[in-house]
Amino acid sequence: MAVLTREEILKLIKEEKLFIEPFNEEVIRENGLDLRIGYEYAFYSFENKIVDLTEIENSANLFSIVEAKDGKIVIKPNSFVLLSTIEYIKFPNNVIGFCNLRSTLARYGLSVPPTIIDAGFEGNITIELINTSNNYVVLKPGLRFLHVVLEETVGEIEYKGVYKGQRGVRLPKGLKEEFSN
């Protein structure tokens, strides 16, 4: 297993093994991809409630999905939003992605939890962005925010999960059925 450099990533794109749409060569970095913030985001529809994840069948009533108002995404202090990438990607069956926030954004008190893009995944990436600061933070669609380090796997497998093919922000699946099994 090895981290892919810019040249190897461009080679995968040229060979049509890695798909990125819309394609902008500026997102290809020295050792990964810098994906851009999409035009919609989601946040909890309420505050200070008990959310029992083992009882949720459908999370749609827990979140509000909105378009970036006036081209801005405002993240309240000590809260999180779900963002999606502008880019729709399709990974080869032998490449995974490790998601990190660009360090410049982390220096303002933002973070993302450890997230892996599975081999064979395709879709817009939905990612949790946490504002750990006591300030309101404003971001804009089109800003490079998510650094994805690509690594080849030993063997191949195709992702077949429920998030495959997702467009825009995809809310979390319910866990009630998973917990009851």
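Leu146 lies in strand S12, where helices (H or I, at least four residues) and strands (E, at least two) are DSSP runs numbered from the N terminus. At 0% relative accessibility, Leu146 counts as buried, a word that stands for under 20% relative accessible area, with exposed meaning over 50% and partly exposed in between (1.4 Å probe, protein chains only). This is a predicted model, in which local features need pLDDT of at least 70 and side-chain atom pairs count only at pLDDT 80 or more, while totals for chains, interfaces and linings use all residues. Residues are numbered from 1 along each chain as its sequence is written, and side-chain values use heavy atoms, with hydrogens and water left out.

**Leu146 and its surroundings**

- Not counting residues up to four places away in sequence, Leu146 touches Leu33, Asp34, Leu35, Thr85, Cys99, Asn100, Ile125 and Ile127, where contact means heavy atoms within 4.5 Å.
- Although Leu146 and Arg102 are 44 residues apart in sequence, their C-alpha atoms are 5.9 Å apart in space.

**Strand S7 and its partners**

- Strand S7 covers residues 95-101, and five of its seven residues are buried, so the strand is largely enclosed by the rest of the structure.
- S7 pairs with strand S12 (residues 144-152) in the antiparallel sense over seven bridges, pairing being assigned if DSSP finds at least two bridges between two strands.
- Within this pairing, Cys99 stands opposite Val148 in S12.
- S7 also runs antiparallel to strand S9 (residues 115-117), to which three bridges join it, and here Gly97 stands opposite Ile117.

**Strand S6 and its partners**

- Nine of the 12 residues of S6 are buried, so this strand, too, is largely enclosed by the rest of the structure.
- Strand S10 (residues 122-131) pairs with S6 in the antiparallel sense over nine bridges, and the bridge partner of Ser79 in S10 is Asn131.
- Strand S3 (residues 32-44) is joined to S6 by three bridges and runs antiparallel to it, with Tyr41 standing opposite Leu83 in S6.
- Strand S1 (residues 19-21) is likewise paired with S6 in the antiparallel sense over three bridges, and Phe19 stands opposite Lys90 in S6.
- Ser84 lies in strand S6 (residues 79-90), and at 3% relative accessibility this serine counts as buried.
- Leaving aside neighbours within four places in sequence, the residues in contact with Ser84 include Arg36, Ile37, Gly38, Ile125, Thr126 and Phe145.

**A loop residue that is buried**

- Ile56 is found in the loop between S3 and strand S4 (63-67), and at 13% relative accessibility Ile56 counts as buried.
- Ile56 and Leu175 are separated by 119 residues in sequence, yet they lie 5.7 Å apart in space, C-alpha to C-alpha.
- Beyond residues up to four places away in sequence, Ile56 touches Val51, Leu62, Gly174, Leu175 and Lys176.

**Backbone features in loops**

- Glu21 and Pro22 are joined by a cis peptide bond, with omega at about -5°, and Pro22 lies in the loop between S1 and strand S2 (28-29).
- Glu16 has a positive phi of about 60° although it is not a glycine; Glu16 is found in the loop between helix H1 (6-14) and S1, and at 75% relative accessibility it counts as exposed.
- Asn78, which is not a glycine either, has a positive phi of about 50°; Asn78 is found in the loop between strand S5 (73-75) and S6, and at 51% relative accessibility it counts as exposed.

**The chain as a whole**

- The protein chain has three helices and 12 strands.
- Its radius of gyration is 17 Å, close to the 16 Å that the globule rule gives for 181 residues, so the chain is as compact as a globular protein of that length; the radius is taken over C-alpha atoms, and the rule is 2.2 Å times the number of residues to the power 0.38.
- Along the principal axes, the C-alpha atoms of the protein chain fill a box of roughly 50 × 40 × 25 Å.
- Of the 181 residues of the protein chain, 41% count as buried.
- Among contacts in the protein chain with a separation of 6 or more, 77% are between residues 24 or more positions apart.
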